[in-house]
Amino acid sequence: SHKINTPITFGFLKPMILLPFSLLNNITTEEVEAIILHELSHIKSKDYLLNWFLIAVEIFYFFNPFIKILAGCIRLEREKNCDVQVINFKYDPLFYAQILLKIARNNNDVKSFHLGTVTKSSSLLKRIRFFSDERNMTFKKGNSGIFCYLPILFLIAISVLFIPAKDNVLNNTAISN
């Protein structure tokens, strides 16, 4: 597409991978394969659905800065998970870091509803540091990052507890009348 600057996975029920034409002119076939593997790992783990959920939670709790921080942590962990899957496939971490840097140079503006390969330079640095460390490269299938989702679920559960029950509201209005 000519309308994007970074590879993205976009869609709701049938996600698709979009690659920018400007990037495709500057990378090799092997680099394109690594990018597509990264985006396919987003699709495999259904990150596109989680992204829509995170956007809805961020909109609903726009006043809470902790939700924004937690959503950023979840997005970073999802990206790191996809990076590890690409490197475990067959790519050298240095080669993959160079691909991410090429994408970052090509990237000018990322919309919030996209699952971009590179969104911020600070997150890019964190991702490269993460997969450059050999201890982080062991991917365990059972550990899919559920602990990242627990804080948001906890905050939603707590907020539901503070919504007054319908019976209490009716009783309070009946007493005041």
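Predicted model: local features only at pLDDT ≥ 70, side-chain atom pairs only at ≥ 80, totals over all residues.
1. Glu-30, Glu-31, Ala-34, Ile-35 and His-38 sit on the H2 side of the contact. Across from them, H5 supplies Phe-95, Tyr-96, Ile-99, Lys-102 and Ile-103. By type, the residues of this contact split into 6 nonpolar, 3 charged and 1 polar.

2. Now look at how the two helices are set. H2 covers residues 29-44 and H5 covers residues 93-106. Their axes come within 10 Å and cross at roughly 85°. Angles of 65 to 115 degrees count as roughly perpendicular, so H2 is roughly perpendicular to H5.

3. Setting aside neighbours within four places in sequence, Ile-99 is in contact with Glu-31, Ala-34 and Ile-35.

4. Next, the largest nonpolar core. This core holds 18 residues. Ile-35, Tyr-96, Ile-99, Leu-100 and Phe-131 touch the most other members. Two or more residues come from each of H2, helix H4 (65-89), H5 and helix H6 (121-132). H5 gives the largest share, 6 residues. In soluble globular proteins, nonpolar side chains tend to be buried together.

5. Step back to the whole protein. There are 8 helices and 3 strands. Along the sequence, the order is β-β-α-α-α-α-α-β-α-α-α. Take the contacts between residues at least 6 apart in sequence: 69% of them join residues at least 24 apart.

6. Last, burial and surface. Of the 177 residues, 36% are buried. The protein exposes about 11300 Å². Carbon and sulfur atoms supply 64% of that area.

Conventions
Residues numbered from 1 in each chain as written. Heavy atoms only, no water. Axes fitted to C-alpha atoms, helices over the stretch in contact; angles between N-to-C directions. Helix = DSSP H or I, 4+ residues; strand = E, 2+ residues; numbered from the N terminus. Parallel < 35°, antiparallel > 145°, perpendicular 65-115°, else oblique. Contact = heavy atoms within 4.5 Å. Nonpolar A, V, L, I, M, F, W, Y, C, P; charged D, E, K, R; others polar. Buried < 20%, exposed > 50% of the residue type's maximum accessible area, 1.4 Å probe, protein only. Areas by Shrake-Rupley, 256 points an atom, 1.4 Å probe, with all protein chains shown as cover. Core = buried A, V, L, I, M, F, W, Y, C linked by side-chain atoms within 4.5 Å.
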